[in-house]
Amino acid sequence: MRKKRVAFFDFSCCEGCQLQVANMGETLLDVLELMDIVEFREVMSEKSDSYDIAIVEGSITTGHDIKRLKKIRERAKALIAYGSCAAIGGVNGMKNSFDLNEIQSYVYGDKADWFPTIKTKALCQVVDVDYTVYGCPVYLPEFVKILKYALQDIPYTVKDEAVCVECKANENECMYDKGITCLGPATKAGCNSWCINNGNICYGCRGMVKETVRNGSMDVLKKYDIPLEWVLGKFDMYNKPLEDEVEK
């Protein structure tokens, strides 16, 4: 059976998620046995317009991005949104809270007209997305799992439960018990509470659980008298583009 051809692409991002793949070590060798990588700018010079799966990092911030993404989507049998910028808009989405003309002038000065921009969009706001890998950067075990599903044409849905579920399973001491606020109670799980395991807080880079009241750990927020409005405001750091869509 022919191996599926896989291409990596990037838009507005730091390319940190692709770097995660490049640094996979021996695990990368195992993954390469399952597919043929035909384009991956960060690790190879070859390019191809023929691929089965497109793995796309980065958010959409220009009209040119929209046209390019649509061409990628047309050529790919399956598209994977890879990392927070692609999945939910990411940190680039923070500009959506401001007037675009002001942002352009602030960044580019009197050359602002040379760099037209649009409100930041997640990939799913422009094209159909088949698989989504959340996180900034992505959690590699989850990426490999989802990639294997994609290679077999099997649908995959990220569980709609909070990071707190994984955090408790990992027997971490709750950040709130330490007097530290954390977005774990409202953030979509799947990262195995990676940041908390390593002594950090959850910053909400995976986006908010869909049914926050039912599936999020609202008991934690209530126990420590943390307003849900405060939590929602913090999600602007990664999730602003999708929040804008909900508001419409």
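These are my notebook entries on one predicted protein model.

**Ground rules**

I number residues from 1 along each chain as its sequence is written, and for side-chain values I use heavy atoms, with hydrogens and water left out.

**Overall form**

I looked up the secondary structure and noted twelve helices and five strands; these are DSSP runs, numbered from the N terminus, with helices being H or I of at least four residues and strands E of at least two. Along the principal axes, the C-alpha atoms fill a box of roughly 55 × 50 × 30 Å.

I found that 47% of the 248 residues are buried, where buried means under 20% relative accessible area, exposed over 50%, and partly exposed in between, with a 1.4 Å probe and protein chains only. For contacts (heavy atoms within 4.5 Å) with a separation of 6 or more, I noted that residues 24 or more positions apart account for 74%.

**Cysteines**

How many disulfides does the count come to? I recorded zero, using the rule that a disulfide is a pair of cysteine sulfur atoms within 2.5 Å. A disulfide is a covalent bond between the sulfur atoms of two cysteines.

I looked at Cys-85, whose closest cysteine sulfur, in Cys-136, is 6.1 Å away and therefore too far for a bond; Cys-85 counts as buried because its relative accessibility is 13%. For Cys-195 the closest cysteine sulfur belongs to Cys-205, at 6.0 Å, which is again too far for a bond, and Cys-195 counts as partly exposed at 34% relative accessibility.

**Backbone details**

I returned to Cys-136 and saw that a cis peptide bond joins this residue to Pro-137, with omega about -5 degrees. Pro-137 is in the loop between strand 5 (131–133) and helix 6 (140–151).

Which residue other than glycine has a positive phi near 60 degrees? I noted Asn-192, which sits in the loop between helix 7 and helix 8 and is partly exposed at 30% relative accessibility. Glu-15, also not a glycine, has a positive phi of about 65 degrees; I placed Glu-15 in the loop between strand 1 (4–10) and helix 1 (16–22), and I counted Glu-15 as buried because its relative accessible area is 19%.

**Two threonines in loops**

I found Thr-187 in the loop between helix 7 (163–169) and helix 8 (194–197). Is Thr-187 buried or exposed? With a relative accessible area of 1%, Thr-187 is buried. Leaving out residues up to four places away in sequence, I listed the residues that Thr-187 touches, among them Glu-161, Val-163, Cys-202, Arg-206 and Phe-235.

I ended with Thr-62, in the loop between strand 3 (53–57) and helix 3 (63–75). Thr-62 and Thr-117 are 55 residues apart in sequence, but their C-alpha atoms are 4.8 Å apart in space. Not counting residues up to four places away in sequence, Thr-62 touches Pro-116 and Ile-118.

Terms used:
Predicted model: local features only at pLDDT ≥ 70, side-chain atom pairs only at ≥ 80, totals over all residues.
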